[in-house]
Structures are given as structure tokens and as C-alpha cells.
Amino acid sequence: MKKLLLLLLCVPLMFSCGEEIKNDLTRENIKGDVKQIIETSFDAKEAFGEPQKENILYKEKCQYNEDGNITNRTSYNADGEMISKSKFQYEDGNITESTSYNADGEIDMKWKPKYDEDGNATERTSYNADGEIDMKWKS
């Protein structure tokens, strides 16, 4: 399930060719010099016609480099304990590697893309925690 969620979050980052998108911040329509975004998800109920926050469900912290690309994404459970972390590396504006870690800080999976001369992602290889090829996509 975690791998599927990670793939669903990351595939749009990889294969968004055809659109002229500068970086992850512009992809999310975020303007300005943003270094970090913290998103907190709550249960909510309506009281007196207004939404009221209840329990925290999870929290996600994303950090961005000077080019506006995400470099770290860390997810926390309702108790504030880290449940997963992903690190992203870039070269010439293209992501070159993503590494995902479990709650114990151990590598869970890693993926590396390949690009054509126009900077479009043409292939992506996913590796499991043992460094063995798990999946390979070509477009």
C-alpha cells in the first residue's frame, strides 16, 4: 500500500512532459520563495454551522531547494512519529533519484529515471530495499 501511494504521488512528477512546468512549486500553483510547507490533516465536525478541528490524522512536511523542487517529504502519524520519508535528488532540473525510508529510517525503496535529449522521462526503474529491481517502466 505504501509503495502504491508513493508511486501515485511521484509518477506525476516524473511523467508530466508536454507541459511547460518549471518546478514542483509552480506545478502546485505556489508562488514565492518557499522553503518548506507543512500540511496537517484533521478530522472535523460541524458545530454552530462552522467546521471545527478535531483530531490530527497526519502531518506532512515538504522541503524545497532554491530551484523550487521538493528535496524531502516526511510524513508523521497523529502522535507526531515519523512514518515515512522520501528524499529527491536533481540534475539540470530533472529528478535523478528518489529514496524512500520507513519509520525506522531504513531504505524502503529507490527509483531512478532516465531522460531523452529533450529532458522527457523515458524510463524509470524501481528498486526494493535489497537493491534489486522491483519494477521498470518505459514510455
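Colleague: How exposed is Ser84?

Modeller: In this predicted model, Ser84 counts as partly exposed because its relative accessibility is 24%, where buried means under 20% relative accessible area, exposed means over 50% and partly exposed is what lies in between, with a 1.4 Å probe and protein chains only.

Colleague: And where does Ser84 lie?

Modeller: Ser84 lies in strand β4, residues 82-91; strands here are DSSP runs of E with at least two residues, helices are runs of H or I with at least four, and both are numbered from the N terminus.

Colleague: What does Ser84 touch, away from its own stretch of sequence?

Modeller: Not counting residues up to four places away in sequence, Ser84 touches Arg73, Thr74, Ser75 and Tyr101, a contact being heavy atoms within 4.5 Å. As for Asp108, which is 24 residues from Ser84 along the chain, the two C-alpha atoms are separated by 9.0 Å.

Colleague: Before I go on, what should I know about the numbering and the model itself?

Modeller: Residues are numbered from 1 along each chain as its sequence is written, and side-chain values use heavy atoms, with hydrogens and water left out. As this is a predicted model, local features need pLDDT of at least 70 and side-chain atom pairs count only at pLDDT 80 or more, while totals for chains, interfaces and linings use all residues.

Colleague: Fine. How many helices and strands are there overall?

Modeller: The protein has 2 helices and 8 strands, and along the sequence they follow the pattern α-α-β-β-β-β-β-β-β-β. Of the 139 residues, 30% are buried.

Colleague: Tell me about Gln63, then: what does its side chain do with Gln36?

Modeller: The side chains of Gln63 and Gln36 make a polar contact at 3.4 Å; that term covers a pair of N or O atoms within 3.5 Å, and within protein one must be able to donate a hydrogen and the other to accept it, with residues adjacent in sequence counting only if both atoms are side-chain atoms. Gln63 is partly exposed, at 26% relative accessibility, and leaving aside neighbours within four places in sequence, Gln63 is in contact with residues including Lys35, Asn69 and Ile70.

Colleague: What about the other end of the sheet, how do β7 and β8 pair?

Modeller: Strand β7, residues 121-128, pairs with β8 in the antiparallel sense over 5 bridges, and Ser126 has Met135 in β8 as its bridge partner. The hairpin of β7 and β8 has 4 residues between the strands, and Gly131 there takes a positive phi near 85°.

Colleague: And how many bridges link β6 and β7?

Modeller: β6 and β7 pair over 7 bridges in the antiparallel sense, with Lys114 opposite Glu123 in β7. Their hairpin has 5 residues between the strands, and Gly119 in the turn has a positive phi of about 85°.

Colleague: Switching topic, which residues make up the largest nonpolar core?

Modeller: That core has 9 residues, namely Leu25, Val34, Cys62, Tyr64, Ile70, Phe88, Ile95, Met109 and Trp111; a nonpolar core is a set of buried Ala, Val, Leu, Ile, Met, Phe, Trp, Tyr and Cys residues joined through side-chain atoms within 4.5 Å. The elements giving two or more residues to this core are β2 and β6 (107-115).

Colleague: Last one: is Asn23 buried or exposed?

Modeller: Asn23 is buried, with a relative accessible area of 12%, and its place is in the loop between α1 (2-14) and α2 (24-27). A polar atom of the Asn23 side chain lies 2.8 Å from the backbone oxygen of Asp67, and, not counting residues up to four places away in sequence, Asn23 touches Asp67, Gly68 and Asn69.

Conventions: Two strands pair if DSSP finds at least two bridges between them.
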